[in-house]
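Hi there,

Here is the structure I promised to pass on to you. Have a look at it first, and then read my notes below.

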Amino acid sequence: MTAPQRHISAAGWPFDTVLIANRGEIALRILKTVEALDLKAVVIHHAVDSDAPAVRAASKAIEIKGATPVAAYLDGPQIIAAARAAGAGVIHPGYGFLSENAAFARAVADAGLTFIGPTPEVIELMGDKVRARAFVQKHGFPVAPSAIEDDDPMTFTERARAVGFPLLIKPSAGGGGKGMHIVRDASVLAEEIVRARSEGQRYFGDGRLYVERYIENPRHIEVQVLGDAHGNVVHLFERECSVQRRFQKIIEETPSPAMSASERARICETAAGIARAAGYRNAGTVEFIYGAGEFYFLEMNTRLQVEHPVTEMVTGIDLVREQLRVAANEPLGFTQADIATQGHAIECRIYAESPARGFAPTTGRALKIHDGRGPGLRLDIGVTEGQAITTAFDPMLAKLIVHGKDREEARQRALSALQQFVLLGCETNVSFLHRLVAHPAFREGDIHTGFLDAHPEIASEPVSAATLRRMLAIGALSVRPVRDAADDGPQPHNAMGGWRN
Amino acid sequence: MRAIFSIDGTEYRVFAQREADAYRVHVDDCSYRITNDHDAIVAVDGDTIHVWLDGEAQTFRYHEPVAYYGSHADGSTDDTILAPMPGTVVTVMVKAGEAVARGDTLLVIESMKLETSVKAPRDGRIDTVHVAMGQSFDRSAPLATLATLATVEA
């Protein structure tokens with residue numbers, strides 16, 4: 001722990017029981033902190049999750065029902081009723097599901113309980129991407145320069161030119177990339193606008209356009225912020241989450257290998273400033289797009305992020321503990337100056353999916369799980385041996401997080417941990433993650449949101465035929481008829497010992 | 001007799017022999033000496049064999065010789081269309097007994113928020129549709145079976 005942290009005695013909490021309204025690895029991760037603070041944890045779960053680690057570990061688990069498993073976890077009234085029945089004073093929504101649902105946050109408050117997160121008004125503001133962007137711009141923070149034709153059609157071309165190049169022309173009514181044009185030179189702007197308008201008309205029956213600054217191979221940088229109910233806001237530095245597939249993050253790290261100390265200070269201060277302007281309370285994340293020395297506000301997530309552990313590793317601060325303290329109306333236990341980072345942390349998301357088949361989700365049963373051992377390793381895992389892996393939920397199974405004194409040490413530790421991690425019974429992306437972390441471009445920190453498109457071989461590289469045959473040779477010995485045929489065949493003089501079936 | 005294993009449609013012929021302090025396992029034309037101190041981890045689930053070795057995990061299917069040779073004799077395994085990935089059935093376009101031509105859409109499935117048409121691999125007659133609208137399924141689940149060519153000709 002690098003930051004001084006105040007301790008509240010068990011008797012000092014305004015609640016003694018926390019309801020965890022989530023599942024998988026995050027339910028278990030929240031449960032660990034709740035119990036470490038001598039509070040009681042109640043976990044809700046759908047029947048399909050009754051064998052999940054968090055449900056097994058919780059002193060009390062309440063089954064919730066729904067037309068589908070996901071519907072159960074989205075059923076606010078049922079969850080609030082469960083919290084009341086269990087005597088919970090506070091609900092931790094985790095991430096996903098109801099975590100950014102303002103109506104749920106309001107209903108929790110109306111029931112006399114505490115929702116762990118910001119106020120419903122802030123959730124609503126940041127949930128509306130257009131309003132959020134306007135709010136950030138109004139407070140003087142950077143958003144990507146843009147021009148909207150509808151604002152004043154007569155001056156659109158001039159205003160578009162003022163945005164700067166390269167820029168992207170988009171149909172106002174568009175979607176799915178249709179009718180979008182990248183313009184790199186002012187001399188072709190006018191003709192590209194004409195072309196985009198005709199395409200917009202053709203595809204969407206609407207020729208109105210807007211333009212925004214285009215960033216080539218951008219990086220995704222986000223900043224962890226934390227606010228209390230007394231107006232204090234701090235940042236806990238940045239995370240880089242540029243390696244993505246289908247706009248979902250795969251690898252996150254902190255600090256970003258791309259930023260200078262002054263850029264880091266600037267982006268972190270900007271994030272804290274946005275949170276301060278919004279009157280932000282509890283943990284949140286401000287996301288930016290970053291490239292060519294510029295960064296622009298993308299959106300703010302008003303909840304705990306999947307990738308929060310990398311921040312915890314380098315700052316020594318338990319973010320769930322701080323969330324509970326803020327929910328208990330405690331002031332932050334530290335100032336900005338108290339927060340320092342040590343070393344480098346990398347998180348790899350282990351998904352039930354097939355990278356070689358376009359990252360299609362996979363299903364099965366977790367027959368064997370062996371987590372690796374090593375210094376600086378943390379594994380947040382949401383499945384246990386014997387548990388079915390279905391398509392009912394998000395395919396993320398676990399997060400493998402490593403901490404090292406610098407990026408290279410963290411990277412080596414990630415490689416070693418990925419090499420040792422075993423999950424049998426359902427195809428996962430583990431060997432793909434190993435190839436990714438081992439890739440020379442990743443080693444150099446040369447990453448951007450199009451990284452996997454630029455290096456498709458990372459996803460498609462097959463196991464060598466020789467390795468495959470050797471694996472089959474070993475596996476075949478576990479098949480009774482193969483083994484029996486060998487044992488019944490001509491015997492050598494020496495008896496064999498030590499074989500297990 | 002050699003045992004038959006497959007991975008993603010590729011078949012391997014395997015047999016093992018005992019040696020003094022190891023097994024000699026022949027996989028097609030290669031042979032491997034496997035001792036009991038190998039670092040692999042194996043999990044067997046019915047006819048499915050999962051093997052982990054040095055950071056790689058692979059799944060093999062063991063084919064019972066009787067079922068394997070039986071099915072290949074009448075060609076029926078090739079006539080069942082298996083799900084390419086887990087998903088949900090959006091529309092079923094055909095009924096049992098219906099004649100279809102190669103390339104006809106049999107059903108539409110949804111996976112990863114994308115709709116995909118499942119098409120007939122050849123001309124034939126629908127023997128069974130294994131799924132209904134709205135039903136979800138795992139990868140390799142049977143979706144529809146085409147009647148064998150012999151039945152169609154008859």
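Predicted model: local features only at pLDDT ≥ 70, side-chain atom pairs only at ≥ 80, totals over all residues.

**Chain A as a whole**

Let's begin with the overall picture. Chain A contains 19 helices and 23 strands. Its radius of gyration is 26 Å, close to the 23 Å that the globule rule gives for 501 residues, so chain A is as compact as a globular protein of that length. If you draw a box along the principal axes, the C-alpha atoms of chain A fill roughly 95 × 60 × 50 Å.

The domain assignment of chain A lists domain 1 (11–116) and domain 2 (146–213). Taken over C-alpha atoms, the centres of these two domains of chain A are separated by 46 Å.

For one pair to look up, take A:V18, whose bridge partner in β2(A) is A:A41.

**Two helices side by side**

Two packed helices are described by the angle between their axes and the distance between the axes. In chain A, the axes of helix α5 (residues 102–110) and helix α6 (residues 120–127) come within 8 Å and cross at roughly 175°. That makes α5(A) roughly antiparallel to α6(A).

Which residues meet here? From α5(A) come A:A102, A:A105 and A:R106, and from α6(A) come A:P120, A:I123, A:E124 and A:G127. By class, this contact of α5(A) with α6(A) has four nonpolar, one polar and two charged residues.

**Where chain A meets chain B**

How many residues of chain A are in contact with chain B? There are 45, and they touch 45 residues of chain B. Among the elements that give two or more residues to the chain A side are β19 (368–370), α13 (407–420), α14 (430–438) and α19 (480–488) of chain A. The largest share of that side, 10 residues, comes from α18(A). Sorted by class, the residues on the chain A side are 22 nonpolar, 15 polar and eight charged.

**Chain B**

For chain B, the domain assignment gives domain 1 (3–67) and domain 2 (76–153). The C-alpha centres of these domains of chain B lie 31 Å apart.

Chain B also has an open sheet of four strands, in the order β8-β15-β13-β10, with antiparallel pairing. At its edges stand β8 (80–82) and β10 (99–100) of chain B, each with a single partner strand, so one side of each is left without a neighbour in the sheet. Two bridges pair β10(B) with strand β13 (residues 124–129) of chain B in the antiparallel sense. Here you can look up B:A99, whose bridge partner in β13(B) is B:R125.

Enjoy exploring, and write back with any questions!

Best wishes

Definitions and conventions
Residues numbered from 1 in each chain as written. Chains lettered and ligands numbered in written order. Domains from an automatic or database assignment. Pairing = 2+ DSSP bridges. Contact = placed C-beta atoms within 7 Å. Nonpolar A, V, L, I, M, F, W, Y, C, P; charged D, E, K, R; others polar. Axes fitted to C-alpha atoms, helices over the stretch in contact; angles between N-to-C directions. Parallel < 35°, antiparallel > 145°, perpendicular 65-115°, else oblique. Rg over C-alpha atoms; globule rule 2.2 N^0.38 Å.
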